[in-house]
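Here is a friendly walk through one protein model. Keep the sequence and the 3D view open while you read.

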Amino acid sequence: MFERFKQDARAVVKGAVAQAERAGAHRVGPEHLLLALLDSEGSRASFALAALGLAERREPVRAALERARRRGGLTRAETDALTGLGIDLSEVIARVEEAHGARALSTGGKAGGRWPGHRPFEREAKDVLTGALRAAIARRDRHIGDEHILLALTLRPGVPAEVLADHGVTYESVTRVLYGNGGQAKAG
């Protein structure tokens, strides 16, 4: 599949690995793909993000992703479900961090004997890349661009889609910006 990636999509994948390294994560997650997309310039995804006003809101997006990472990668819906069960997640986080240090619940996992510099992709990040392929196929595009990665991030349930939606970036808004009204076919 990677051979179908255009240069901008390859740059996002490499950027995601760099984002994971900077964050000290041992695995590349979908949030790292989103952070790499936020840093991309001169591409279709960067155009769409700028047109939707996200270029000026990079820091609030980064902060929202960091808050989610601090709570173990849980979405607000998952946090609300725990609250409904009587579990105060902020209290749990405070106690865990008191006992084990700041960001103890942050996702990223153990290196597990991996060689330095190697960052495997989480299943969820692989699912996003597969979703990018599906988005390209649905649009009858022969290659996968970074815009397809953005579309896949908006469709896959999880923190990145939640954060994007909070900032007005949805599958529908991205397709409208990139393809006009004729771009409404969803990729599964």
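## Ground rules

Two residues are in contact when they have heavy atoms within 4.5 Å of each other. By that rule, and not counting residues up to four places away in sequence, Leu33 touches Val12, Val13, Ala16, Ala125, Val128, Leu129 and Leu153.

This is a predicted model, so local features need pLDDT of at least 70 and side-chain atom pairs count only at pLDDT 80 or more, while totals for chains, interfaces and linings use all residues. Residues are numbered from 1 along each chain as its sequence is written, and side-chain values use heavy atoms, with hydrogens and water left out.

## The overall layout

The protein chain has 10 helices and 0 strands. Helices here are DSSP runs of H or I with at least four residues, strands are runs of E with at least two, and the numbering starts at the N terminus. Read along the sequence, the pattern is simply α-α-α-α-α-α-α-α-α-α.

Of the chain's 188 residues, 44% count as buried. Buried means under 20% relative accessible area, exposed means over 50%, and partly exposed is in between (1.4 Å probe, protein chains only). The chain exposes about 9800 Å², with carbon and sulfur atoms supplying 52% of it; such areas come from the Shrake-Rupley method with a 1.4 Å probe, and for residues only the protein chains shown count as cover. Among the contacts with a separation of 6 or more, 66% are between residues 24 or more positions apart.

## The nonpolar core

In soluble globular proteins, nonpolar side chains tend to be buried together. A nonpolar core is a set of buried Ala, Val, Leu, Ile, Met, Phe, Trp, Tyr and Cys residues joined through side-chain atoms within 4.5 Å. The largest one here has 46 residues, and those with the most contacts inside it are Leu33, Leu37, Ile149, Leu150, Leu153 and Val174. At least two core residues come from each of α1 (7–23), α2, α3 (44–51), α4, α7, α8, α9 and α10 (171–179). The largest share, 7 residues, comes from α7.

Now take a look at α9, which is mostly covered: 6 of its 8 residues are buried. They are Val159, Pro160, Ala161, Glu162, Val163 and Leu164. What do the buried residues of α9 pack against? Their partners are α2, α4, α5 (76–84) and α8. Just after α9, Gly168 takes a positive phi of about 80 degrees.

## Salt bridges

A salt bridge is a side-chain nitrogen of Lys or Arg within 4 Å of a carboxyl oxygen of Asp or Glu. How many salt bridges does a search of the whole structure find? There are 6. In one of them, the side chains of Asp39 and Arg62 meet at 2.4 Å, N to O. That pair links distant parts of the chain, with Asp39 in helix α2 (residues 30–39) and Arg62 in helix α4 (residues 58–70), 23 residues apart. Asp39 is partly exposed at 35% relative accessibility, and Arg62 is partly exposed at 22%.

Arg62 also forms a salt bridge with Glu59, with the closest N and O atoms 3.4 Å apart. Both of these residues lie in helix α4, 3 residues apart, or about one turn of the helix. Glu59 is exposed, with a relative accessible area of 55%.

Another bridge joins Asp127 and Arg156, with the closest N and O atoms 3.5 Å apart. Asp127 lies in helix α7 (residues 123–138) and Arg156 in the loop between α8 and α9 (159–166), so the pair ties together parts that are 29 residues apart in sequence. Arg123, Glu124, Asp127 and Arg156 are linked in a network of salt bridges.

## A buried charge: Asp146

Asp146 lies in helix α8 (residues 146–155). Asp146 is buried yet has no salt bridge; for charges, Lys and Arg count as positive and Asp and Glu as negative, with His and the chain ends not counted. The nearest side chain of opposite charge, Arg44, is 6.5 Å away.

What does the side chain of Asp146 reach at 3.2 Å? The backbone nitrogen of Ala45. Leaving aside neighbours within four places in sequence, the contacts of Asp146 include Asp8, Val12, Leu37, Ser40, Arg44 and Ala45.

How values were computed: Polar contact = N/O pair within 3.5 Å; in protein donor to acceptor, adjacent residues only side chain to side chain.
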